[in-house]
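I opened my notebook to look at how one chain folds and how it meets its partner. Here is the model I had on screen.

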Amino acid sequence: MGWNRKILRVNLSAGTCSEEPLNMQWAAEYLGSRGLATKYLVSEIDPRVDPLSPDNKMIMATGPLTGTMASTGGRYTVVTKGPLTGAIACSNSGGFFGAEMKFAGWDMVIFEGRSPTPVWLHIENDRAELRDAAGLWGSSCWETEERIKTELQDPLVRISSIGKAGENQVLYACIVNDLHRAAGRSGVGAVMGSKNLKAVAIRGTKGVSGIKDFGAFLKATTEAKKVLADNAVTGQGLPKYGTQVLMNVINEMGALPTRNHRDVQFEDAGKISAEAMHERRESDGKPHLVTNAACFGCTIACGRISEIDKGHFTVRNSPQYWGASGGLEYEAAWALGAANGVGDLEALQYANLLCNEQGMDPISFGATVGAAMELYELGILDDGAIGMPAPFGSAEALAKLVEMTAVGEGFGKELGLGSKRLCEKYGRPELSMSVKGQEFPAYDSRAIQGMGLAYATSNRGACHLRGYTVASEVLGIPVKTDPHVTEGKPELVKAFQDATAIFDSAGICVFTSFAWTLADVQPQLAAACEGDWSMDKLNEVGERIWNMERMFNNAAGFTATDDTLPPRLTQEAAKTGPAKGMVNRLGEMLPQYYQVRGWTPEGAPTAETLTRLGL
Amino acid sequence: MKVAFKLFASLSEHLPGGHRGNRLELEVEEGTTVADMIRRFNVPERSAHLVLVNGLFVPPAERLQRRLQEGDELAIWPPIAGG
């Protein structure tokens, strides 16, 4: 069956934990994880609720393939109304926490209300209880993991927690599990902090039972793993170089947003690339990269484990950061580096370590620093306001600002609200490089047209993981399309968005889609889950999930005018590279996209679309 | 004429021994094609996956005919992806 058929409801206001059967009708319509948790959320909260109020809920959910032998089947999703955007927030994470939730016998955990005092949730198979977290409040994610493991005398317990950023409600705080994996975007950690929930620790020893047809599942997962192993991208490229290998590619294409999107190429891209991670440092003769790493059940292993230069100014006197730790990945290296004009790889790793340690999304943090640096260059912010000189390119400012933001000190408090609120406060809202309040990831849509549409219509604000048309426009997966044209992009964006909703809802990693299509996922789901999981059904479910998220956002107050890009991208042409002279032509794509989606010109699903999708 | 030749990720091992970095400036004959360069540096054809001239993609079918011009930047990657 794929599902445990059991959810845990935790009322933090009352301090109670109760068991409920999973709504199997909804499972048949929304699959699991992202889709199913969103169905629960939209059914249980008012879309206009204040995201940081007790009336918001937060759901941690697994998919039917989570915890199984499907490759990358370790993912779990956090769904809530997001404080950074006011839109649906849906962030998934790898590591081992999701599988452990499944092994303990649960499909999802719904948190509601707000605890009067800090607590953490302990789940051991069927038993769940809230525990006092007064002694943990103020700890980092790393300290929290260690202390809970020590308290339980169990090194194998899996933990998701917030650090100081989540406690202080940094609006892009994340929830960190297994030290350096995170439900990273949209501020899900701030919601957890607002509920006085410090951590969730799970120990499950029951394994996964109830696979519908085990023989067929074994065959389907084995064949699908062979596809990943035989594919040059998932079998060789990602494990060897990780995601950061894109740094030089995207820079070469003139699509690397640099200095708050003022430029589209970064002169120091090579210094912060995957290739640089492999080079031996002059200082100690060691490469930055120590090894690659895999999440639960993953046969790709794209993760990076690195060691910072002990002599670097950021850590010279902080031996706690000298050990091997997670990072850098492409997005973090870009946001902490090119977005600020900082080309110092060690400084980026330091900032990344602090983001992991205290639970902050490095994309939104780095991009917000980029906005602050632009305000500084324009003379709108000065040394006094920021607390230091903060021109583009200053590794010293980056290192200091990450410390201040993580713990909510001085100007760090303003950075913790994200670039939209920062730029509005200082009278230059157009300088926030964001959509619906969430900062862009590492692709400039002036040089990759489809990504502009993907960002503008992403249900959680600017994001590359809702519809990664870079795969097609840059990498040729599944087919190569021209990144400079808009023709065909509405259809492409829709196809990526709907398919991604299935990968996310199944409980697997979207990186499998560099080798797999839905046709590779379908036999695995069909063997694991009872019911109809044909290709037609999957396409329908993906589209249904997308429209459900959209309807929540519309009910929360978003309109077609929010499906937009900052004027810098639609009016200021790229200055260099192959896209020199180009802007993003969103206006050519958006009306067609609405049409392809079956939406009105105002961006609302038509009655016919809703009926077709059973919404 | 002068062109720049760049090999990234695992392909950098096809650059001359002892070369640091990914970029090489070269003097080549007029009429040199993208395919000529791939052969000259012994880059296996199936590994020359993403081929860009001045940041623009050159499809496999055009590599035999595509002649480089003075100042061109030819960059090549094996199959890779990111996120």
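Before counting anything, I noted that two residues are in contact if their C-beta atoms, placed from the backbone, lie within 7 Å. I also reminded myself that this is a predicted model.

**Entry 1: contacts along chain B.** With that cut-off in hand, I looked at the contacts in chain B with a separation of 6 or more, and 67% of them join residues 24 or more positions apart.

**Entry 2: the fold of chain B.** I found 1 helix and 5 strands in chain B. Reading along the sequence, I wrote the pattern down as β-β-α-β-β-β.

**Entry 3: size and burial.** Why did I call chain B compact? I compared its radius of gyration of 12 Å with the value near 12 Å for a compact globule of 83 residues, and the two agree. Along the principal axes, the C-alpha atoms of chain B fill a box of roughly 35 × 30 × 20 Å. I then checked burial, and 34% of the 83 residues of chain B count as buried.

**Entry 4: where the chains meet.** How many residues of each chain are in contact with the other? I got 26 residues of chain A in contact with 19 residues of chain B. On the side of chain A that touches chain B, the elements giving two or more residues are helix H8 (232-241), helix H9 (246-252) and helix H10 (274-278) of chain A. The largest share comes from H8(A), with 6 residues. I sorted this side of chain A by class too, and it has 14 nonpolar, 8 polar and 4 charged residues.

Notes. Residues numbered from 1 in each chain as written. Chains lettered and ligands numbered in written order. Predicted model: local features only at pLDDT ≥ 70, side-chain atom pairs only at ≥ 80, totals over all residues. Helix = DSSP H or I, 4+ residues; strand = E, 2+ residues; numbered from the N terminus. Rg over C-alpha atoms; globule rule 2.2 N^0.38 Å. Buried ≥ 20, exposed ≤ 12 C-beta atoms within 10 Å, placed from the backbone. Nonpolar A, V, L, I, M, F, W, Y, C, P; charged D, E, K, R; others polar.
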